[in-house]
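Here is a report on a two-chain model.

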Amino acid sequence: MITAEQRFAVYDLYAQYASTADACLYDDWLNLFLPVCSYRIIARENYAAGLPLCLMLCESRDMLIDRIVALEQANEYAIHVDRHIISGIRVTQVQGQLLSVEADFLLGQTNSEGELSLYVMGTYKDTVQISGAQAYFVDKTVIVDNGCIPHAISTPI
Amino acid sequence: MRKVHWPRNDYSRVPYYLYHDAEIYQQEQAKVFRGPSWSMLCLAAEIPLAGDFRTTWVGDTPVIVQRAQDLSVHAFVNRCAHRGALVRRETSGNAQSHTCIYHRWCYSQKGDLTGIPFQRGVRGQGGLDKSFDKAEHGLQALRVEVYKDVVFGTFSADTEPLSDYLGPMMREHIATLMRAPIKVLGYQRQAIDGNWKLYAENLRDTYHASLLHEFLVTFGLDRATQQGGVAMDDRHRHNLTFAVASSDSDAEANQAYGAHKLNSDKLTLRAPALLKFLPEFEDQRSLSISSMFPNAAFQRLNNSLAVRQIQPKGVDKFVLVWTFFGYADDTPEMSEHRLRQMNLLGPAGLVSMEDAEAIEIAHRTSRVDADRHSVIEMGGGGEISDRNYRVTDVPLRGFWSYYAELMGIEPEGAVR
């Protein structure tokens, strides 16, 4: 069992994840992860078949930082605004302060001329640590249902 | 089909409408993809066992690739002979036979029509005429050849043998890449809103690589100042681009890039293992990517190994399928390294994500003023030949020369 406060901390974490990513506040986004952490995006096709290949694999916070630096200083990509809708947040396992949490997401992208397209949809399967009133990501796995990615992946899913 | 006007006979000017014209698209399905060319279908390692199959596309024609009970490999059109429905809907599986769900017509592992429900009707009524010959209604077969565990198919009886089609350059590159039994690590798929030929060009364009893909330049993965070059087959339809890492210096690169300042003095990776190159081939090339006309690329970038397949989806869209692999005898550390280095490529690739945007913006704006044309003149016009430098887009002209030949749209006095 987890307390109501812990559950709210988990909900807040996902709300902050969406709002920081969509506002391109990547330093704040990064601070939702613990110093020892991982982040991966994998197509459901591979996940379901037990194939290890990801679309993006950051095995450490340093690799996440490198991604952000590349995004901000090296990569070129379509000018767009992201909007995450995260719902169905569910705690599936509790081990002390470590929680297994799943949630579903929908990510829309709007281009520079204001046209919206549904970009990706899928499920998060994460390990979250509760520390006081705040929850943090330890490992985040983004499983993308539509593994045939429209355009490209630049900003975080 | 309207007569194609090439402003120059060396393909240094390509009319925009070739990327946008619906009739051109239909013609290239018939004359290029179902014509006398070989397309890459899949890797043999994806269908290792009797009964294993994969579904894929040759151009926009759906195809089943199947390993039969006798372990021979077959390919046939994934479209029921009865009403034209897709027979096999999964992307992969293992099956003794293929049954269309619509009216349950059934086909063998070699595509032969073996079963028709109610063929003789019910109680002597209905059914097919006695003269109906099942042998005439199998799934249309492709000719299949396997080279170094890569499966290729062609629709045309006139296509030269695969070995000749690939030529020494492609054969050597594929043989090096497939030097040992492989294991598939997984797939990446990407849908790009552009004409497939823009990607065929992109693969042959070494000029763009170190300009568009800033990450490559910044971290010295691929610079125009490195040793390298481009090589083509004798018909100029295939292309190989290669480079040797650490064959230039930051100082030399900074001087050459001039105003387009390199970032390398201010950017460093916190996790440099991403870029580590563990030599594993006899040549010292850290980058070696070949593109095979019309639908495939074979890639080595450091230790990231993959084949890419181009699937046209109409004039305005294509899907790119990346199949990443390692070798069956890779150590766990090497497998991890390859999986990590995947970050460089694919739709989220640190050095490849820009291609989608470049193709989409080129496609979007070339639709209007279709009578205008692109300019392909780096490395000079005229003769189409190999170069031992990398600031060149001559292989694009090679692609167009063979494409025009197959399409029957060569200009007078065309350079081949």
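## Interface

Chain B and chain A together bury about 3,000 Å², and 58% of that is on carbon and sulfur atoms. Buried area is the accessible area, taken with a 1.4 Å probe, that two parts lose on being put together, summed over both. The model is predicted: local features need pLDDT of at least 70, side-chain atom pairs count only at pLDDT 80 or more, and totals for chains, interfaces and linings use all residues. Residues are numbered from 1 along each chain as its sequence is written, chains are lettered from A and ligands numbered from 1 in the order in which they are written, and side-chain values use heavy atoms, with hydrogens and water left out.

Chain B brings 36 residues to the contact, and chain A brings 31. Contact means heavy atoms within 4.5 Å. On the chain B side, Arg189(B), Arg270(B) and Met353(B) lose the most area to chain A. Together they make up 18% of what that side buries.

Tyr187(B) sits in strand 12 of chain B. Helices (H or I, at least four residues) and strands (E, at least two) are DSSP runs, numbered from the N terminus. With a relative accessible area of 7%, Tyr187(B) is buried. Buried means under 20% relative accessible area, exposed over 50%, and partly exposed in between, for a 1.4 Å probe and protein chains only. Neighbours within four places in sequence aside, Tyr187(B) contacts Glu45(A), Asn46(A), Leu51(A) and Leu53(A) in chain A, and Glu46(B), Arg54(B), Trp322(B) and Thr323(B) in chain B.

## Cores

The largest nonpolar core has 102 residues. Such a core is a set of buried Ala, Val, Leu, Ile, Met, Phe, Trp, Tyr and Cys residues joined through side-chain atoms within 4.5 Å. Phe152(B), Phe215(B), Phe298(B), Trp400(B) and Tyr403(B) have the most contacts inside this core. Helix 9 of chain B (residues 394–407) gives the most to it, with 8 residues. A second, separate core has 46 residues, among them Ala9(A), Leu30(A), Ile130(A) and Ala135(A).

## Pockets and cavities

Both kinds of space come from a 1 Å grid over the protein atoms alone. A cavity is a set of points where a 1.4 Å probe fits but cannot get out; a pocket is an open set with protein on both sides within 12 Å along at least five of seven lines; lining residues have an atom within 4 Å of a point. Grid points are joined across faces, edges and corners, and a volume is the space filled by probe spheres set on the points. There are 7 cavities of 30 Å³ or more.

In the table, Ala, Val, Leu, Ile, Met, Phe, Trp, Tyr, Cys and Pro count as nonpolar, Asp, Glu, Lys and Arg as charged, and the others, Gly among them, as polar.

| Space | Volume | Lining by class |
|---|---|---|
| Largest pocket | about 570 Å³ | 4 nonpolar, 8 polar, 8 charged residues |
| Second largest pocket | about 460 Å³ | 11 nonpolar, 5 polar, 3 charged residues |
| Largest cavity | about 270 Å³ | 9 nonpolar, 6 polar, 5 charged residues |
| Second largest cavity | about 120 Å³ | 8 nonpolar, 3 polar, 1 charged residues |

The largest pocket has about 570 Å³ of space. Its lining counts 20 residues, and Asn111(A), Glu115(A), His151(A), Glu360(B) and Arg364(B) are the closest to its centre. Helix 8 of chain B gives the most to this lining, 4 residues.

The second largest pocket, about 460 Å³, has 19 lining residues, with Leu198(B), Glu201(B), Asp205(B), Ala362(B) and Ser374(B) closest to the centre. Helix 8 of chain B supplies the largest share here too, 5 residues.

Buried residues of helix 8 of chain B include Met353(B), Ile359(B), Glu360(B) and His363(B). Their cover includes helix 4 of chain A, plus strand 12, helix 3, helix 4 and strand 18 of chain B.

The second largest cavity takes its largest share of lining, 4 residues, from helix 4 of chain A (residues 61–73). Ser154(A) and Met353(B) are among its lining residues. Ser154(A) counts as buried, at 11% relative accessibility. Beyond its neighbours within four places in sequence, Ser154(A) contacts Leu71(A), Tyr77(A), His80(A) and Met353(B).
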